[in-house]
Amino acid sequence: MTALAAPPTAPAKSDPPQSPPPRRRLRRGGAGRTMKAGRLSYVILGLALLVSAFPFYWTIVTASRSNADMARVPPSLLPGPNLMKNVEQVLDEADIGKALLNSLIVSGSITLGTVFCCTLAGFAFAKLKFKGRNALLTLTVGTMMIPPQLGVIPLFMLIAELQWVNQLQAVILPGLVSAFGVFFMRQYLVQSLPDELIEAARVDGASTARIFWSIVIPIARPGMAVLGMLTFMTAWNDFFWPIIALSSQEPTVQVALRQLGGGYVNDQSVIMAGTLLGTLPVLLVFGLLGRQIVGGIMQGAVKG
């Protein structure tokens, strides 16, 4: 008997090619998609820009016109031709050049000292362990609750004993460190400086000073720029302590502006011309440090 042959098997069917999974549509504002600003956003930003820039524009208008022009109702909203004349009168009435130099020395020294000392102290409070750290931090922050007017009399007695009256160091040294700057840099370094970097540097044999110069300062650059900008503007606009510690022979900008526009009727055009001269260095510093702030933030975003 012959064995029955097995029936031929049908060829196996190949699986149909699978189509790629459908892409998920990203919601507006999701990752990977740029949000587009609407017309309302541009309107709000434009109004905010006008409100912020109008005082500076009004300073330019007032500084470029005469006092009689500004007394008219309604006053002119366009700049006039008297800007250089008013600037020359400012230079005649007050030694504004010396005042600008003194303010630059005072504000620059206070800014450099505050940024360096507050960054160093903020690093110590944020990442170093030592006895009494929390108590010292609480004491430092607590000094912010004391009104600065209460320390004017003992501070003036101190600089009088040191024979620093009418000298720039009487204004520079009291402002080299601020409690706000220490607290600000401490909070910034707590969030921006990982403990792993410090531990890795310790393993490599780096000292605390080397860690501060090579690791802390590059990471703290955006915070230092913000603190420097705020400190420079505060020192530049300070009027209360310089008018007590300095004389009219060694004025800062704010003290020199007090001598402008005197007479039976204050000449607002001359005062505004002096104010315009005193504002330009602040705008320059803001522009320079503003770039550092944006650059530091973008560099941290790329690396992190």
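This is a predicted model: local features need pLDDT of at least 70, side-chain atom pairs count only at pLDDT 80 or more; totals for chains, interfaces and linings use all residues.
Local features are described where pLDDT is at least 70 and side-chain atom pairs at pLDDT 80 or more, while totals for chains, interfaces and linings use all residues. Residues are numbered from 1 along each chain as its sequence is written, and side-chain values use heavy atoms, with hydrogens and water left out.

**Stop 1: helix α10**

Select residues 208–219, which form helix α10. Helices here are DSSP runs of H or I with at least four residues, numbered from the N terminus. α10 has 12 residues and reaches 15 Å from its first C-alpha to its last, close to the 16 Å expected at 1.5 Å a residue. The expected span is 1.5 Å times one less than the number of residues.

Now colour I211, F212, I215 and V216, which are buried. Buried means under 20% relative accessible area, exposed means over 50%, and partly exposed lies in between, using a 1.4 Å probe and protein chains only. Seen down the axis of α10, the buried residues fall within an arc of 125 degrees, so they line one face of the helix. The arc is taken from the directions from the helix axis to the C-beta atoms. An α-helix has 3.6 residues a turn, so residues three or four places apart point the same way.

Turn to the face of α10 directed away from its buried side to find the exposed residues R210 and W213. Then show α4 (96–127), α8 (179–192) and α9 (195–203), against which the buried residues of α10 pack. Contact means heavy atoms within 4.5 Å.

**Stop 2: helix α11**

Select I217, P218 and I219 in α10, which meet R221, P222 and M224 in α11. By class, this contact has 5 nonpolar, no polar and 1 charged residues. Ala, Val, Leu, Ile, Met, Phe, Trp, Tyr, Cys and Pro count as nonpolar, Asp, Glu, Lys and Arg as charged, and the others, Gly among them, as polar.

**Stop 3: S64**

Go to S64, in the loop between α1 (39–63) and α2 (67–70). S64 is buried, with a relative accessible area of 2%. Its side chain reaches the backbone nitrogen of G80 at 2.8 Å, and a polar atom of that side chain lies 3.0 Å from the backbone oxygen of V61. Leaving aside neighbours within four places in sequence, the contacts of S64 include P79, P81 and N86.

**Stop 4: G274**

Select G274 in helix α14 (residues 268–303). G274 counts as buried, at 0% relative accessibility. Leaving aside neighbours within four places in sequence, G274 is in contact with V90, L257 and L260. G274 and I96 are 178 residues apart in sequence and 7.9 Å apart in space, C-alpha to C-alpha.

**Stop 5: Q167**

Finish at Q167, in the loop between α6 (152–161) and α7 (169–172). Q167 is partly exposed, with a relative accessible area of 31%. Leaving aside neighbours within four places in sequence, Q167 is in contact with A245 and L246.

How values were computed. Helices (H or I, at least four residues) and strands (E, at least two) are DSSP runs, numbered from the N terminus. A polar contact is a pair of N or O atoms within 3.5 Å; within protein, one must be able to donate a hydrogen and the other to accept it, and residues adjacent in sequence count only if both atoms are side-chain atoms.
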